Amino acid sequence: MPEITPLLILGGVVALIAIHTFVASTRTWVWKVLLGLGVAMFGVQLYLALKWVPPDREMGDVYRIIYMHVPQVWMALLALTLNFGCSIAFLMKKSWKTDALAEASAEVGVYFGTVGVSLGAIWAKPTWGVYWDWDPRLTTSAIMIVIYMGYLTLRRFVEDPEKRATWSAVLGIISFVDLPVLWYSVRWWNSLHQRQSSPKTVDGPMTMVLRWSATAFLCMLFVFIVHRFRIAYAARQREVAPPEALPAAGVVS
Amino acid sequence: MIASIALALLQYQPEAQAGVVGSGKIVGGWEYVYVAYGLTLGGMLLYGLSLWARRPKG
């Protein structure tokens, strides 16, 4: 398979996400295409990552966890960056759609972050000898998960939709401070966790499989956020609907 | 003579210590790989199901 293949697919996925975002009439089918593509790519991914790509010189086969660990942490960072953007946008211009997107991106970000960090712990055991170490990268990752769980908790405990949206937007902006610290922690401090690799430091087939995996996860990230957004936005509409728009007493819908 | 032996002892580095980090290779460990992949795929399936269960009705 040509090494450029995942980049071409990634370009197509990004284009479809842009179409979904800017052309409202496509929102009924774009997510289905990306869900199908994501599932198909994961099927191929199992072969590529577990069989096709060679083992690492030092970590042997254990390093294959990278193809699940790294893209999921990337997806968490992407989703939480979207949450940051939505938080700023909401404070500049109040919109229930922006608030719902902030909620959706935070939950999906916490999901991918939790699984990604858990996989890092699984990988750490055979390579470092321990599941966990309070080194800068791991500590900032744990802080990220705890902060955004707090963000989601805040959203559940504040009943007034306006207060909830405003307070969580402020918390979303403050919480984001941890993300650049997490990213640069391996450069700023003497970390047990390795520095970020680049295509210059990784063999071509390994880079290709990592890109393939990241593209598959991007499809799933998009599908998850779209559906979580619909849940959050429907809840917002119910909360802020004028009394005459609500069902009459005794009518259960 | 004694001084040269002492110097040699001071300079002695066991082979394991002299080897740079990364000179070994991890063998096996597939069980960790399978758990990681299972957690990922199972987790996505469960999270997807939770979204479907919470979908807006009507």
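Visitor: Which residues line the largest cavity?
Guide: In this predicted model, the lining is made up of Cys86(A), Ser87(A), Phe90(A), Asp99(A), Ala102(A), Tyr151(A), Arg155(A), Ala165(A), Ser168(A) and Ala169(A).

Visitor: Which helices supply at least two residues each?
Guide: Four stretches of chain A do: α3 (66-92), α4 (96-128), α5 (136-157) and α6 (161-175).

Visitor: And by class, what does that lining have?
Guide: It has 6 nonpolar, 2 polar and 2 charged residues.

Visitor: What volume does the largest cavity have?
Guide: About 30 Å³.

Visitor: How many cavities of 30 Å³ or more are there?
Guide: The count is 1.

Visitor: New topic, the two chains. At what angle do α4(A) and helix α3 of chain B pack?
Guide: The angle is about 165°, and the axes lie 10 Å apart. Helix α3 of chain B covers residues 30-53.

Visitor: Roughly parallel or antiparallel, then?
Guide: Roughly antiparallel, because an angle over 145 degrees counts as that.

Visitor: Is the crossing of α4(A) and α3(B) left-handed or right-handed?
Guide: α4(A) passes α3(B) in a right-handed crossing.

Visitor: Which residues meet there?
Guide: On the α4(A) side they are Glu107(A), Val108(A), Tyr111(A), Phe112(A), Val115(A), Ser118(A), Leu119(A), Ile122(A), Lys125(A) and Pro126(A). On the α3(B) side they are Tyr32(B), Val35(B), Ala36(B), Leu39(B), Thr40(B), Gly43(B), Met44(B), Tyr47(B) and Leu51(B).

Visitor: How many of those are nonpolar, polar and charged?
Guide: The contact of α4(A) with α3(B) has 14 nonpolar, 3 polar and 2 charged residues.

Conventions: Residues numbered from 1 in each chain as written. Chains lettered and ligands numbered in written order. Predicted model: local features only at pLDDT ≥ 70, side-chain atom pairs only at ≥ 80, totals over all residues. Heavy atoms only, no water. 1 Å grid on protein atoms, 1.4 Å probe; cavity = no way out; pocket = protein on both sides within 12 Å on 5 of 7 lines; lining within 4 Å. Points joined across faces, edges and corners; volume = space filled by probe spheres on them. Nonpolar A, V, L, I, M, F, W, Y, C, P; charged D, E, K, R; others polar. Axes fitted to C-alpha atoms, helices over the stretch in contact; angles between N-to-C directions. Parallel < 35°, antiparallel > 145°, perpendicular 65-115°, else oblique. Left-handed = near helix turned anticlockwise from the far one by under 90°. Contact = heavy atoms within 4.5 Å.
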